Amino acid sequence: KDVSIVFHGVSSHFANYLDEKKIIEIKRQNSIPFNKLIIGLVGTIEFRKGHDILLNAVSKLNKDLQEKIHIVFVGDINYGNSHSNWIENIVNETELTNKVTFIKYCNPIEIYHTFDIFCLPSRLEGFPLVVLEAMLSRNCVIRSNCEGAYDQINSGITGYIFENENISELAEILNYLISNPEKIKEIATKGFNRAINEFTSDIMAINTVRIYNKIINEY
């Protein structure tokens, strides 16, 4: 009873609706295909974020499913890693060269709206705000079960959670979603509804004030 938790929130501006014409223009500007399901990830390109986990999961899909998707990585490479070219090597090893677009880090608020699926396969996280941003942007969200996962997502209802570094489990989720595109929209809508009601900056402020009022009333 002595501990209260207030979850981080993000700007509700991520929920602003973009029409199809605007989304097509953003895709054109960033060389994102128009006729594919887009799987996106926003975050520094480094081992911790698990870009390789996503690539290896996609490589397990049959060729017909691979033809239906395209991957977009938004973020800069962490050159503190002496193997800074590791991601390019994995793209080549998985034979996904023509299925990956790299975009240098920018304000992602519009880029999110080009994604159908947002995947955060991180090996280590706290309470990643990119998941909330993606939910507000009406992405179907998939993430690993490291810290914060179950606070953010009700797996199978508002998004999907897979075991950390379990490439086969992630591949199964992707296989299911790509084969059932109507499920992508259903999960995205439920995820949006949860995020707009629980994870905006305004909700965070309201919950913080509520705790101060509780303390004032107790003392």
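User: Before we start, which pLDDT limits and which numbering apply here?
Analyst: Residues are numbered from 1 along each chain as its sequence is written, and side-chain values use heavy atoms, with hydrogens and water left out. The model is predicted, and totals for chains, interfaces and linings use all residues, while side-chain atom pairs count only at pLDDT 80 or more and local features need pLDDT of at least 70.

User: How much space lies in the largest pocket?
Analyst: First, the term: on a 1 Å grid over the protein atoms alone, a cavity is a set of points where a 1.4 Å probe fits but cannot get out, whereas a pocket is an open set with protein on both sides within 12 Å along at least five of seven lines, and lining residues have an atom within 4 Å of a point. Grid points are joined across faces, edges and corners, and the volume is the space filled by probe spheres set on those points. On that basis the largest pocket holds about 570 Å³.

User: Which helix gives the largest share of the lining of the largest pocket?
Analyst: Helices (H or I, at least four residues) and strands (E, at least two) are DSSP runs, numbered from the N terminus. Helix H1 (20–29) and helix H8 (181–198) each supply at least two lining residues. The largest share, six residues, comes from H8.

User: By class, how many charged residues does the lining of the largest pocket have?
Analyst: Ala, Val, Leu, Ile, Met, Phe, Trp, Tyr, Cys and Pro count as nonpolar, Asp, Glu, Lys and Arg as charged, and the others, Gly among them, as polar. The lining has 11 nonpolar and five polar residues, and the charged ones number seven.

User: And how much space lies in the second largest pocket?
Analyst: Its lining includes Lys-1, Asp-2, Ile-211 and Tyr-219. By class, that lining has four nonpolar, one polar and four charged residues. The space in the second largest pocket is about 170 Å³.

User: Is Arg-143 buried or exposed?
Analyst: Arg-143 is found in strand E5 (residues 140–144). Buried means under 20% relative accessible area, exposed over 50%, and partly exposed in between (1.4 Å probe, protein chains only). The relative accessible area of Arg-143 is 0%, so Arg-143 is buried.

User: Which side chain does the side chain of Arg-143 join in a polar contact of 2.7 Å?
Analyst: A polar contact is a pair of N or O atoms within 3.5 Å; within protein, one must be able to donate a hydrogen and the other to accept it, and residues adjacent in sequence count only if both atoms are side-chain atoms. The side chain of Arg-143 reaches the backbone oxygen of Cys-146 at 3.1 Å. The 2.7 Å polar contact is with the side chain of Gln-152.

User: Why is strand E2 (residues 69–74) called largely enclosed?
Analyst: One face has Ile-69, Ile-71 and Phe-73, the other has His-70, Val-72 and Val-74, and all of these are buried. E2 is largely enclosed by the rest of the structure because the count of buried residues is six of the six.

User: How many bridges join E2 to strand E3 (residues 100–103)?
Analyst: Two strands pair if DSSP finds at least two bridges between them. E1 and E2 run parallel, joined by six bridges. E2 and E3 also run parallel, and the bridges joining them number four.

User: What is the relative accessibility of Thr-101?
Analyst: Thr-101 lies in strand E3. A polar atom of its side chain lies 3.4 Å from the backbone oxygen of Ser-31. Thr-101 counts as buried, because its relative accessibility is 11%.

User: Where is phi of Glu-95?
Analyst: Most residues other than glycine have a negative phi. Glu-95 is found in the loop between helix H4 (86–93) and E3, and Glu-95 is exposed, with a relative accessible area of 62%. Its phi is positive, near 60°.
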